[in-house]
Amino acid sequence: MGRLAKVRMLQGLAQDLSCSGRFDEALATVQEAEAVARKVRFGMAAYVVPDLLHTRASVLYDASRWDEAIRVAGEAIDARRSLGSIDGDQLARLSDSLELQANALNRLRRLDEADALSAEVLAMRARLPWPDRARALLNRSATLLEAGRVEEGLAAATELVRGAQARRSGSAPGDTSLADGLSNLAVLLRMNGRWRDALAAQEAAVTEVRAAVARGDRPTADLARALANQSLMHLESGHPADAEAPGQEALDLREQLAARTPLDLHELSESLNNQAVALDGLDRHAEAEVLASRCVELRRRLHADQPDVQARPLATALGTLCHMLAACGRAEAGVVAGREAVDMLRRLFAHDATHAPWLAHALDSLAQATAAAGFEPEALTLSEEAESVGSLALAANPSGFGGTQAGILVACADRHAASYPSRARAWADEALRLLTGLSVAEPEAHAVALARAERVRAALG
């Protein structure tokens, strides 16, 4: 076997090992391939080394070793640029390495750097075939969403969906751009307060992905992801009964897939968390607490390996568990979980105000558990902090966070109605104002929350 043939064989083996979650073996294999490739002094060798660097960066990314992935992707980028003039194939490869680096930066919330790179990739791929441009639009929309630039992200996702729809009849087998675009579009529409449009887009995405999985064009994990997003949208509009079936299917699929990578484990924990919320909304509190506890256990494992990256997901799970424990009559245990969640999120919020929505949620859950444990003055202080932090999140995203802030205010009003009626009335009035405004454009999305706010306000006199 010639050296280049051996290199390609080792590269393919490394990719297979990475897909199986055997990251250390994959890294050793691709580094062996690099050592062989660097001994080749002629022909295609100059082009092979950047490919191997990109493969190594991809393995590091899949292993959630994002700092290292950024560094090695940078080496691949420098190696590709050093080749001089770049044809269409090499331009696509360069854009792939730039995109990989941008995605790793995004994971570490180095959003300004990720934004600049994703914009460069999008401009670069304007000269490339549609599948390359589609991936650039997909990642661009996700980057803009993470940065809170919802309108710009919505424009990128809309362009992707329209482009995919226009090319649908002539698209190659395995082209996933339409389903991917619909999923991103749904999230951005939801963040923009357009719940009905978001749900329609996500239902279309589920249909597309289910058909692609049946054809063998997509892995089952993609269907689980689409179903989980569909369930979450129903949850956020106050319809746990509609969320239960897609959420359970997503959870069942993820259980069957035998999670191996950090991403697999994170997505399984996400399904556990969201299904717990759905069951809690159906008054199945004991079942919900079991799922929430499992979610916390999984996220503690992830947090042990990546404390910076996994801090917010762990805190979110602890906040959910706090609520579930209080609902099961174990308020003191709920307070313990809730305090841990709030402490973590306060530290994150001190350095990055985009954590405000998660902190507001956690404060609300802790206030509820604290009140149930019989410490109402302390609960009132937490409720007021939840309102204050939620107001910051509302100012940053009025249409996307308005319904959530209203839910927090209604909960505050309900739990403090007996002891602090005037404060409770003010909270309920503000919640009604928010929900009435939101309901003008999307009455169905806010009907459940509005009805609850009206009941709470009426009881206050």
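The following legends describe close-up views of a predicted model.

**View 1. Helix α2 and its buried residues.** Helix α2 covers residues 23–37. At 1.5 Å a residue, its 15 residues should span 21 Å, and the end C-alpha atoms are 21 Å apart, which agrees. The buried residues of α2 are Phe 23, Ala 26, Leu 27, Thr 29, Val 30, Ala 33, Glu 34, Val 36 and Ala 37. An α-helix has 3.6 residues a turn, so residues three or four places apart point the same way.

**View 2. Ser 97 in helix α5.** Helix α5 is formed by residues 88–107, and Ser 97 lies in this helix. Ser 97 has a relative accessibility of 0% and therefore counts as buried, the cut-off being under 20%. When neighbours within four places in sequence are left aside, Ser 97 is in contact with His 54, Ala 73, Ala 76, Ile 77 and Arg 80.

**View 3. Helix α8 and what covers its buried residues.** Helix α8 consists of 17 residues, 150–166. From its first C-alpha to its last it reaches 24 Å, close to the 24 Å expected at 1.5 Å a residue. Buried in α8 are Val 150, Gly 153, Leu 154, Ala 156, Ala 157, Leu 160, Val 161, Gly 163 and Ala 164. The cover over these buried residues includes helix α7 (130–146) and helix α9 (177–191).

**View 4. The crossing of helices α12 and α13.** Two packed helices are described by the angle between their axes and the distance between the axes. The axes of α12 (residues 240–256) and α13 (residues 262–281) come within 9 Å and cross at roughly 150°. Angles over 145 degrees count as roughly antiparallel, and α12 and α13 are therefore roughly antiparallel to each other. Their crossing is left-handed. On the α12 side, the contact is made by Pro 240, Ala 243, Glu 244, Gly 247, Gln 248, Ala 250, Leu 251, Arg 254 and Glu 255. On the α13 side, the residues are Glu 267, Leu 268, Glu 270, Ser 271, Leu 272, Gln 275, Ala 278, Leu 279 and Gly 281. By class, this contact has 8 nonpolar, 5 polar and 5 charged residues.

**View 5. Ala 278 in helix α13.** Ala 278 belongs to helix α13 and is buried, with a relative accessible area of 0%. Apart from neighbours within four places in sequence, Ala 278 is in contact with Leu 235, Pro 240 and Ala 243. Pro 240 and Ala 243 are among the residues of α12 that make the contact with α13. Glu 151 is 127 residues from Ala 278 along the chain, and the C-alpha atoms of these two residues are separated by 29 Å.

How values were computed: Residues numbered from 1 in each chain as written. Predicted model: local features only at pLDDT ≥ 70, side-chain atom pairs only at ≥ 80, totals over all residues. Heavy atoms only, no water. Helix = DSSP H or I, 4+ residues; strand = E, 2+ residues; numbered from the N terminus. Expected span 1.5 Å × (residues − 1). Buried < 20%, exposed > 50% of the residue type's maximum accessible area, 1.4 Å probe, protein only. Contact = heavy atoms within 4.5 Å. Axes fitted to C-alpha atoms, helices over the stretch in contact; angles between N-to-C directions. Parallel < 35°, antiparallel > 145°, perpendicular 65-115°, else oblique. Left-handed = near helix turned anticlockwise from the far one by under 90°. Nonpolar A, V, L, I, M, F, W, Y, C, P; charged D, E, K, R; others polar.
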